[in-house]
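User: Could you walk me through one part of this fold? I'd like to go through a helix and then the sheet beside the helix.

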Amino acid sequence: MTTVPPRPRARSVWIDPRFLVGILIVVASIAGVWFVVATARQTAPVLVAARTLVAGETVASGDVRVTEVALGDLALRYAAPGSLAEGAVAVRTVPAGELVPTDAHAAQTTTVVVPSGTAVPASVAPGSRVEVWVAPRVAEGEFESPRILVADATVARLVEDDALVSGTGTALELIVPRADVADLLAALSGDALLSVVPATGGTP
């Protein structure tokens with residue numbers, strides 16, 4: 001009588017490493033989709049311009065409103081409720097209904113009318129970022145080499161009053177950091193030659 005050897009017991013699918021890896025991949029995929037959907041649904045409160053904020057104007061709490069938007073990491077680029085300091089000045093124009101960027105307002109600034117001794121390029125307009133260069137007066141008709149006096153200013157408006165226009169240049173109302181005001185006023189009172197030129201990068 002021939003003896004038939006017993007067949008090996010089939011390997012249980014529950015302990016097959018490939019099966020376990022497959023389960024882990026499915027679980028990870030579901031978790032990843034859930035995370036993406038949950039993140040997309042998260043919103044953050046940011047400020048929106050209730051009216052057009054013009055460069056050079058003081059921004060009050062009534063000029064903005066709060067809205068909830070889903071921006072993810074981009075939320076850090078926009079002003080949050082409570083970030084608008086008293087006396088903040090708009091350093092760029094923000095149309096009504098648009099989110100207010102964090103760099104669109106600043107509290108430590110003021111406005112100064114600066115006559116430019118040289119012609120200002122036509123590209124310079126309200127909201128443009130500019131530099132103020134100074135050439136101190138040495139003698140009548142003689143000036144030192146020019147250097148940057150204010151590295152980052154914003155044009156609030158072009159002044160049309162003929163009394164404020166210097167020579168062939170133009171007078172501009174500029175938003176400047178308060179730290180630069182003393183040097184700027186000293187240059188103005190010292191008959192230095194001031195020139196306003198577009199800053200690197202132009203209008204924001």
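This is a predicted model: local features need pLDDT of at least 70, side-chain atom pairs count only at pLDDT 80 or more; totals for chains, interfaces and linings use all residues.

User: Which residues of α2 are buried?

Analyst: Val181, Leu184 and Ala187 are buried in α2. Seen down the helix axis, the buried residues of α2 fall within an arc of 135°, so they line one face of the helix.

User: And what is exposed on the other side of α2?

Analyst: On that other side, Ala179, Ala182 and Ser189 are exposed.

User: What covers the buried residues of α2?

Analyst: The cover includes the strands β5 (109-115), β6 (129-135), β9 (147-159), β10 (171-177) and β11 (193-198). The helix α2 lies across these strands and runs at about 20° to β5.

User: Back to α2 itself, how far apart are its end C-alpha atoms?

Analyst: They are 17 Å apart, which agrees with the 16 Å that the twelve residues of α2 (residues 178-189) should span at 1.5 Å a residue.

User: What comes after α2?

Analyst: Asp191 follows α2, and the phi of Asp191 is positive, near 55°.

User: Now the sheet: in what order do the five strands come?

Analyst: The order is β5-β10-β9-β6-β11, in an open sheet whose pairing is antiparallel. Because β5 and β11 stand at the edges, each with a single partner strand, one side of each is left without a neighbour in the sheet. From one strand to the next, the twist averages 40°.

User: How many bridges join β6 to β11?

Analyst: Six bridges join these two antiparallel strands, and Val130 stands opposite Pro198 in β11.

How values were computed. Residues are numbered from 1 along each chain as its sequence is written. Side-chain values use heavy atoms; hydrogens and water are left out. Helices (H or I, at least four residues) and strands (E, at least two) are DSSP runs, numbered from the N terminus. The expected span of a helix is 1.5 Å times one less than its number of residues. Buried means under 20% relative accessible area, exposed over 50%, partly exposed in between (1.4 Å probe, protein chains only). The arc is that of the directions from the helix axis to the C-beta atoms. Contact means heavy atoms within 4.5 Å. Two strands pair if DSSP finds at least two bridges between them. Axes are lines fitted to C-alpha atoms, for helices over the stretch in contact, and angles run from 0 to 180 degrees between N-to-C directions.
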